[in-house]
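Here is a short briefing to read alongside the structure. Take a look at the model first, and then let's walk through it together.

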Amino acid sequence: MKTRLKELRARDGLTQTELAKRARISRQTVSLIERNEYMPSLLIAVRIAKVFNEPIENVFIFSEEELS
Amino acid sequence: MKLLILYIAIFLYGIYELLSGLKMQSFEGNILIVSNLAVIFCLILARLNIWKAEQGSLMEVSMEEEDSHQVSLERKAYTAATYIQIAMSISFTALLIGFLLLRDSQPVIVFASAILMVVSIASFIPSEKIVKITNPNFKFPDPQSKNYHEEYFEQFDDGEKYVMLKGLFHLYQLVIWGLVFLAFGLMFYSVFTGNSQLVSIIGIGALLMLIQVSYTISLKPGKLK
């Protein structure tokens, strides 16, 4: 899974702390997701996508191999 | 900062006491004074890191630097927690050994270890200032709550729980192997010195069983309703 978190944060001018605050999660979790060390739960993924006002599949991108 | 200065003053006084009575005290007494000094030194390092984290949190940094600044503050807070845990462990061990060996001859050293253990435990109670740095969204549950521990755990999000789980899994393996090697070590020690450690070996065996059984039971699927 790839995430566009860093790119979207840069687009919206958000720091990890600010994104964490808006998504009601910890900064550590944001950092883990960005480093691809943790695949977020559905609830966290939805909250993050909501912050960026993007559909969830535009934030977290799965390869065909992962989905098949 | 006041507490930090107090710890440094006590540390310096402790070194003075150690050096002035070095030849008069027993070997065990000197070792336990050094242990107590190590505890104070750890508490000084912990306080220093807490102070640095608190000062750092007051600094204003640019947006580009904010993430790395936040990470460095969190690292300082966790370093402080690590030093407090080391202080707690050393003071606990020093208290037990001191009580065994020096309770009649040098009770003051044992008393000092006991005080240092209480101070270490008190230092470990998370201060709101530090928690605001490491986990700004964290809300302490009501201390009167019957489900305090469950509510406390639920304050962590899934990412933090994942990190905790990974850490605990490594710790589980470390504890199991540590206990196995310790039991073997005690067996050889008993054989070669004639100083039986039977009770310790039985205690380790019981602990090993308890840890493994409780872990496996926690994995066991619940009955279907």
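In this predicted model, chain B and chain A meet in a contact that takes 13 residues from chain B and 16 residues from chain A.

**Where chain B touches chain A**
- On the chain B side, helix 3 and helix 7 (158–193) each supply at least two residues.
- Helix 7 of chain B gives the largest share of this side, with 5 residues.
- By residue type, the side of chain B that touches chain A splits into 4 nonpolar, 4 polar and 5 charged residues.

**Helix 2 and helix 3 of chain B**
- Helix 2 (residues 27–58) of chain B packs with helix 3 (residues 63–102) of chain B at an angle of about 160°, and their axes are 8 Å apart.
- Because angles over 145 degrees count as roughly antiparallel, helix 2 of chain B is roughly antiparallel to helix 3 of chain B.
- The crossing of helix 2 of chain B past helix 3 of chain B is left-handed.
- The residues of this helix contact comprise 21 nonpolar, 10 polar and 3 charged.

**Confidence**
- How does chain B score, on average, in pLDDT? Its average is 89, and 100% of the residues score at least 70.
- For the model, the ipTM is 0.83 and the pTM is 0.83.

Key
Residues are numbered from 1 along each chain as its sequence is written. Chains are lettered from A and ligands numbered from 1 in the order in which they are written. This is a predicted model: local features need pLDDT of at least 70, side-chain atom pairs count only at pLDDT 80 or more; totals for chains, interfaces and linings use all residues. Axes are lines fitted to C-alpha atoms, for helices over the stretch in contact, and angles run from 0 to 180 degrees between N-to-C directions. Helices (H or I, at least four residues) and strands (E, at least two) are DSSP runs, numbered from the N terminus. Angles under 35 degrees count as roughly parallel, over 145 as roughly antiparallel, 65 to 115 as roughly perpendicular and the rest as oblique. A crossing is left-handed if the near helix is turned anticlockwise from the far one by less than a right angle, and right-handed if clockwise. Ala, Val, Leu, Ile, Met, Phe, Trp, Tyr, Cys and Pro count as nonpolar, Asp, Glu, Lys and Arg as charged, and the others, Gly among them, as polar. Two residues are in contact if their C-beta atoms, placed from the backbone, lie within 7 Å. pLDDT is the predictor's confidence in each residue, from 0 to 100.
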